[in-house]
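Please open the structure in a viewer and keep the selection panel at hand.

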Amino acid sequence: MTIIGKNMVNSKKKVKILTGNHAAAYAFRHARVGVMSAYPITPQSPVVEKISEFIEKGKLKARFLLVESEHSAAAACCAASASGSRVGTATSAHGLMLMYELLPWASGTRLPIIINLATRSCGAPWSVWDDHSDFITIRDVGWIQFMCEDNQEIYDTNIQAFKISEDPRVNIPTIVAYDGYILSHTMMPIELENQEDIDTFLPPLNHHINLSDISQVKGVGPVTTPDIIKRKEGTAPGYYEFRYSLQKALENSINVIKEVHDEFAKKFGRAYGNGLFKTYKTDDADTIIFAMGSVSAQARTVIEKLREEGLKIGLVSLRLFRPFPIKYLREFFKGKKNIIVFDREIGYGYEGVLSYELKAALYGLKNPPFIKSFIVGLGGRDVKSEYIIEGVHKSLELAKKGDIIYKTEYFGLKLDELKDYDEQEFLKGGGK
Amino acid sequence: MEKVEKDIVEITFHGRGGQTSVTGSQLLAECAYEEGFKDTIAIPIIGAERRGAPILAFTKISKNKPIRTYDSVKDPDYMLIFDISLLDIPRVLATIKEGVIVIADSVAPLDKSKFPDNVKVFIVDATGICIKRSFMHSSGPILNIPMLGAFGKVSGYYGLDVMEKVLKKNFGENRLEKNMRVARDAYESVKEG
């Protein structure tokens with residue numbers, strides 16, 4: 001399926017011009033979230049503000065819990081979700097990090113909580129601007145992770161996320177991320193669906209845990225021992241078995257994600273690639289740009305220009321970061337010659353995270369593609385079209401020489417403009 | 001008066017914190033969409049905002065094509081200057097390039113000696129209009145409405161009827177007449193300068 005996400009031309013639906021944050025808030029409202037517990041943080045705050053406005057005006061029947069920190073917000077979300085409510089929250093960077101302790105708890109207890117993440121760089125030094133550093137920190141806590149490319153996708157992915165997370169075959173929390181400021185504060189027209197249509201797509205939650213009924217469930221997340229415990233009443237699984245079931249559910253969730261995406265596309269007429277990643281001009285392409293979020297949005301605009309040079313080039317914009325769609329990516333990249341990866345984060349001490357994830361996913365492929373990776377746009381620095389064009393040229397040159405270099409390269413770094421750049425000085429006080 | 005005809009038209013808003021320029025950029029996106037532009041986006045450049053600090057925001061509007069770039073505007077078609085003292089800042093002045101159309105809140109014609117050739121300048125006394133109509137908020141005049149009225153006239157992209165619809169949707173029936181009065185004043189009084 002092709003992208004028809006951003007196509008409001010002659011739309012007969014209700015179109016509103018909204019920021020990414022407000023698109024997320026509308027999705028929560030249309031999903032009829034029952035409990036919202038959040039703590040404001042830049043650049044996510046308008047999500048929380050808008051939802052509290054909806055509740056105050058009576059447009060959303062939900063409990064809004066005012067808490068003193070993100071840690072409490074996440075804890076309250078876990079508790080509310082375990083009591084059978086549909087639950088969501090939103091955060092950014094250090095807010096997400098303060099929630100961290102509760103994140104593996106939520107996935108281990110298999111609570112279908114949705115977090116909206118307006119991405120932001122992680123300090124120090126202090127920065128409120130965009131990159132994907134916060135998004136990748138929760139790679140290994142057992143959540144489903146989406147990255148969106150425009151405001152319509154934020155709305156649509158949120159609606160889908162509830163359905164995916166609440167599916168009895170899945171029961172895993174989901175994080176829906178979008179670039180801070182670049183999408184969170186940028187207004188664009190989006191189609192909003194009727195409440196009745198959303199209601200039929202997303203029926204009320206029938207939760208597998210409901211602590212409000214003590215006769216049904218006596219508790220969640222008890223202490224588990226290294227081994228299984230055999231009792232007269234039955235055998236209790238150990239930690240290992242619980243976590244294995246989470247891993248299996250994550251692997252299997254890919255089918256559900258595709259299924260929900262296709263159902264959504266059929267019902268509402270908007271599709272995002274195969275639901276796992278979006279492709280652009282890849283049919284005849286042997287060279288592929290691989291990126292996500294704002295970076296792929298920027299790359300999309302230069303494909304045409306690069307094609308005019310005679311390059312057979314296309315774009316794969318990753319939508320689903322966890323579970324990593326290994327099988328589908330291997331299938332897609334079979335026979336491709338070059339991949340250029342642009343990361344808007346660093347896996348510190350290694351290279352860009354998308355880059356090494358992709359390399360690992362393609363391990364063992366016959367005649368594997370040449371992969372070159374670049375870092376761009378940390379801390380909100382502009383990701384310019386020129387960087388992408390230059391990156392493509394550079395990697396094609398290296399590929400021609402058969403020069404496989406693992407060294408990561410950086411675009412937009414302005415060390416030459418810092419006249420007396422000195423690494424030791426930087427360590428002392430972050431430069432002059 | 002000075003209509004730019006191209007696929008995607010880019011407008012920059014230069015104001016100071018409290019002058020309502022960010023909201024202005026968003027209202028412009030809505031006006032264009034209401035008028036029938038197929039896609040439109042409003043992008044604020046957010047930093048440590050505070051009253052009086054220089055603020056920058058962009059709106060891109062497109063007749064037919066979807067807009068895919070969310071990066072900042074480097075080469076605007078129109079510039080809306082909410083405070084002409086911002087032109088003393090070199091990096092603001094540097095964005096005034098050949099062929100750009102400037103609409104400034106000013107009583108007197110601007111000093112064009114620092115501008116490159118071919119820059120068209122329009123002025124409107126937005127502050128004066130706001131004071132006359134007591135169209136103020138806690139920290140000063142609400143400049144975005146008259147500036148958008150002036151922009152509608154200069155660009156010819158939308159008329160007062162479209163502004164009326166958008167303002168009604170955003171601020172309600174009660175405040176509509178007040179909003180429209182300043183929009184109309186600016187629409188009628190914007191001139192070359």
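Begin with chain A and chain B, coloured separately, and select the residues in contact: 23 residues from chain A and 22 residues from chain B take part. The model on display is a predicted one. The size of an interface is often expressed as the accessible area that is lost when the parts come together. Between chain A and chain B, the buried area is about 2,000 Å², and carbon and sulfur atoms give 59% of that area.

Next, select B:K74 and A:D382 and show their side chains, which meet in a salt bridge at 3.1 Å, N to O. The count between chain A and chain B is three salt bridges. Four residue pairs are in polar contact across this interface, with both residues at pLDDT 80 or more.

Now hide chain B and colour the elements of chain A that give two or more residues to the side touching chain B: β1 (14-19), β8 (187-192) and α10 (294-308). The largest share, four residues, comes from α10(A). By class, this side of chain A comprises 13 nonpolar, five polar and five charged residues.

Then turn to the open sheet of seven strands in chain A, where the order is β3-β2-β4-β5-β7-β6-β14 and the pairing is mixed. Select β3 (63-66) and β14 (320-322) of chain A: each has a single partner strand, so one side of each is left without a neighbour in the sheet. From one strand to the next, the twist averages 20°.

Finally, select residues 114-119 and 174-179 of chain A, which are strands β5 and β7; they pair in the parallel sense over six bridges. Within this pair, A:I114 stands opposite A:T174 in β7(A).

Technical notes: Residues numbered from 1 in each chain as written. Chains lettered and ligands numbered in written order. Predicted model: local features only at pLDDT ≥ 70, side-chain atom pairs only at ≥ 80, totals over all residues. Heavy atoms only, no water. Pairing = 2+ DSSP bridges. Axes fitted to C-alpha atoms, helices over the stretch in contact; angles between N-to-C directions. Contact = heavy atoms within 4.5 Å. Buried area = accessible area lost by both parts, 1.4 Å probe. Salt bridge = Lys/Arg side-chain N within 4 Å of Asp/Glu carboxyl O. Polar contact = N/O pair within 3.5 Å; in protein donor to acceptor, adjacent residues only side chain to side chain. Nonpolar A, V, L, I, M, F, W, Y, C, P; charged D, E, K, R; others polar.
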